[in-house]
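Please look at the chain below, and then read the report that follows it.

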Amino acid sequence: MEIIIREVKFPLPELDTRRLIRLIGYKKKITEKTDSIISMVEECKKNSMKYIEPKYVCKIFENNEIPEHSVFNRAEKIALCICTIGNKLEDLAKKLMRENNLLEGLIYDVIGSEMAESVAVQANQRICSEAKKLKLFPSKRFSPGYGKWTLDYQRYIFELLPAESIEVTLTSHFMMVPRKSVSFAINLFDNPTKIKGSSGCKACPIKNCNFRKN
């Protein structure tokens with residue numbers, strides 16, 4: 001697959017209001033009729049769509065084109081991807097927090113994280129579709145900083161992909177700017193029996209994390 005640079009088509013998947021409320025750390029009992037937090041989150045969800053610019057860039061590489069690492073050992077090809085929603089929503093959240101609108105700022109910050117993840121899901125789907133055309137079998141996506149794949153590997157992703165085309169840069173500490181960005185890899189195998197293990201939340205030992213999905 002050649003490099004794909006694209007703006008994500010709307011609509012992104014609808015964000016779950018109750019999940020957003022849980023992610024901001026709201027502990028009170030939620031009732032649809034009496035709790036103002038629901039209407040506040042719903043309003044922020046609607047307003048946030050004006051501030052996001054979802055884009056991604058990705059490419060499928062031959063194994064020997066990627067710097068060697070044990071996470072790629074058995075893969076026939078490897079897909080790399082960088083996703084972002086831009087910096088406008090992040091800037092809005094920071095502005096609100098500076099003005100002491102802490103709850104509203106936190107809601108927008110959490111929405112930004114969830115939106116960035118939604119863009120990664122769309123990019124993942126596109127890569128899996130391309131893999132099917134190549135008669136290859138995709139692993140689950142995984143990101144630098146998880147498990148054996150350390151965060152400093154980010155520099156190779158940014159060397160191999162034109163991140164500047166979607167206005168994403170990397171700091172000296174390997175953090176992405178805008179902050180609401182996601183990078184990941186997908187191993188592509190010539191045989192489905194080579195796919196084993198789990199990734200993401202299932203592989204994470206932190207069981208009480210607010211961001212846990214399963």
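## The chain and a pair of helices

The chain contains 5 helices and 7 strands, where helices (H or I, at least four residues) and strands (E, at least two) are DSSP runs numbered from the N terminus. Read from the N terminus on, the elements follow the order β-α-α-β-β-α-α-β-α-β-β-β. This is a predicted model, in which local features need pLDDT of at least 70 and side-chain atom pairs count only at pLDDT 80 or more, while totals for chains, interfaces and linings use all residues. Residues are numbered from 1 along each chain as its sequence is written, and side-chain values use heavy atoms, with hydrogens and water left out.

Of the 214 residues in the chain, 44% are buried (buried means under 20% relative accessible area, exposed over 50%, and partly exposed in between, with a 1.4 Å probe and protein chains only). Where contacts in the chain join residues at least 6 apart in sequence, 73% of them join residues at least 24 apart, a contact being heavy atoms within 4.5 Å.

Two packed helices are described by the angle between their axes and the distance between the axes. Helix α3 (residues 88-98) and helix α4 (residues 102-133) pack at an angle of about 160°, and their axes are 7 Å apart; the axes are lines fitted to C-alpha atoms, for helices over the stretch in contact, and angles run from 0 to 180 degrees between N-to-C directions. The two helices α3 and α4 are therefore roughly antiparallel to each other, a term for angles over 145 degrees. On the side of α3, the residues L89, L92, A93, L96 and M97 meet residues of α4 that include L102, L106, Y108 and I111. Sorted by class, this contact of α3 with α4 has 9 nonpolar, 2 polar and 2 charged residues (Ala, Val, Leu, Ile, Met, Phe, Trp, Tyr, Cys and Pro count as nonpolar, Asp, Glu, Lys and Arg as charged, and the others, Gly among them, as polar).

| Residue | Relative accessibility | Class |
|---|---|---|
| E90 | 8% | buried |
| R126 | 23% | partly exposed |

E90 lies in helix α3, and, leaving aside its neighbours within four places in sequence, E90 is in contact with P178, R179 and K180. R126 has its place in helix α4, and, with neighbours within four places in sequence again left aside, R126 is in contact with I4, R6 and Y56. Although R126 and C58 are 68 residues apart along the chain, their C-alpha atoms are separated by 9.4 Å.

Conventions: Angles under 35 degrees count as roughly parallel, over 145 as roughly antiparallel, 65 to 115 as roughly perpendicular and the rest as oblique.
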